[in-house]
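Subject: Structure handover

Hello,

Here is the structure for your files. My notes on what turned up in it follow below.

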Amino acid sequence: MTFSFVDFRDLAAVENAINENTKMIFSEVPTNPTLNLCDLSAISDIAKRHGLLHACDSTFATPLMIRPMDFGVDLVIQVRKKECLIDEYCIIAIMLCYAVLPHN
Ligand SMILES: Cc1ncc(COP(=O)(O)O)c(C=O)c1O
């Protein structure tokens with residue numbers, strides 16, 4: 001798997017990073033720790049125009065603050081981690097993903 005990093009505040013850079021092997025745009029909003037925001041709807045539009053999935057990690061915002069599917073995102077990642085240590089051996093972590101698939 002290969003990937004390119006882009007600044008999602010620069011929509012031209014997002015579009016320019018797409019090549020014939022691209023399958024998915026993976027955004028993060030807001031970014032942790034810099035708290036940058038991006039235009040999720042515009043990025044979803046770019047993804048649709050190129051037949052790509054748009055996945056978004058919005059862990060930092062929680063669903064209370066940002067609901068990415070309202071902005072055309074196909075796959076949302078929310079990581080919630082509660083650590084349970086028993087003699088330092090047990091860690092419990094939860095990762096929630098919700099998706100609308102396949103792409104229309
Ligand atoms: C955007 C984002 N994704 C994922 C995570 C979860 O990271 P980790 O599994 O390292 O706690 C965090 C934690 O703050 C986050 O801000």
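Where in the chain is the place of Leu35? Leu35 sits in the loop between β1 and α2, where helices (H or I, at least four residues) and strands (E, at least two) are DSSP runs numbered from the N terminus. I come back to that loop below.

Two points on conventions come before the rest. This is a predicted model, in which local features need pLDDT of at least 70 and side-chain atom pairs count only at pLDDT 80 or more, while totals for chains, interfaces and linings use all residues. Residues are numbered from 1 along each chain as its sequence is written.

Overall layout

The chain holds three helices and four strands, and along the sequence they follow the pattern α-β-α-β-α-β-β. Of its 104 residues, 17% count as buried. A residue is buried if 20 or more other C-beta atoms lie within 10 Å of its own, exposed if 12 or fewer, and partly exposed in between, with C-beta atoms placed from the backbone. Among the contacts with a separation of 6 or more, 43% are between residues 24 or more positions apart; two residues are in contact if their C-beta atoms, placed from the backbone, lie within 7 Å.

Strands

Strand β1 (residues 24-28) pairs with strand β2 (residues 53-57) in the parallel sense, over five bridges. Two strands count as paired if DSSP finds at least two bridges between them. Between β1 and β2 the chain passes through helix α2 (residues 40-49), and this β-α-β crossover is right-handed. Right-handed means that, with the strands pointing away from the viewer, the path from the first strand over the helix to the second runs clockwise. On its other pairing, β2 is joined by three bridges to strand β3 (residues 75-81), and these two strands run parallel. Asp57 takes part in both pairings: it is the bridge partner of Glu28, and its own bridge partner in β3 is Ile77.

His54 also belongs to β2. Why does His54 count as buried? Because it has 23 C-beta neighbours inside 10 Å. Leaving out residues up to four places away in sequence, His54 touches Ile25, Ser27, Ile43, Ser44, Ala47, Gly72, Val73 and Asp74. His54 and Val76 are 22 residues apart in sequence, and their C-alpha atoms are 8.7 Å apart in space.

Helix α2

Which residues of α2 are buried? They are Leu40, Ile43, Ser44 and Ala47. These residues cover an arc of only 100° around the axis, so they are on the same side of α2; the arc is that of the directions from the helix axis to the C-beta atoms. The buried residues of α2 pack against α1 (11-17), β1 and β2. Just after α2, Gly51 takes a positive phi of about 70°.

Backbone points to check

Most residues other than glycine have a negative phi, and most peptide bonds are trans. The loop between β1 and α2 contains Pro30 and Pro33. The peptide bond from Val29 to Pro30 is cis, with omega near -10°. The bond from Asn32 to Pro33 is also cis, with omega near 15°. Leu35, in that loop too, has a positive phi of about 60° although it is not a glycine. With 10 C-beta neighbours inside 10 Å, Leu35 counts as exposed.

Thr62, which lies in helix α3 (residues 62-65), is not a glycine either and has a positive phi of about 70°. Thr62 is exposed, with 11 other C-beta atoms within 10 Å.

Ligand

Which residues surround the ligand? The shell consists of Glu28, Asn32, Asp57, Thr59, Phe60, Val79 and Lys81; a residue is taken as near a molecule if its C-beta atom, placed from the backbone, lies within 6 Å of it. By class, the shell divides into two nonpolar, two polar and three charged residues. Here Ala, Val, Leu, Ile, Met, Phe, Trp, Tyr, Cys and Pro count as nonpolar, Asp, Glu, Lys and Arg as charged, and the others, Gly among them, as polar. The bridge partners Glu28 and Asp57 are both among the shell residues.

Thr2 is in the segment before α1 and is exposed, with 6 other C-beta atoms within 10 Å.

Regards
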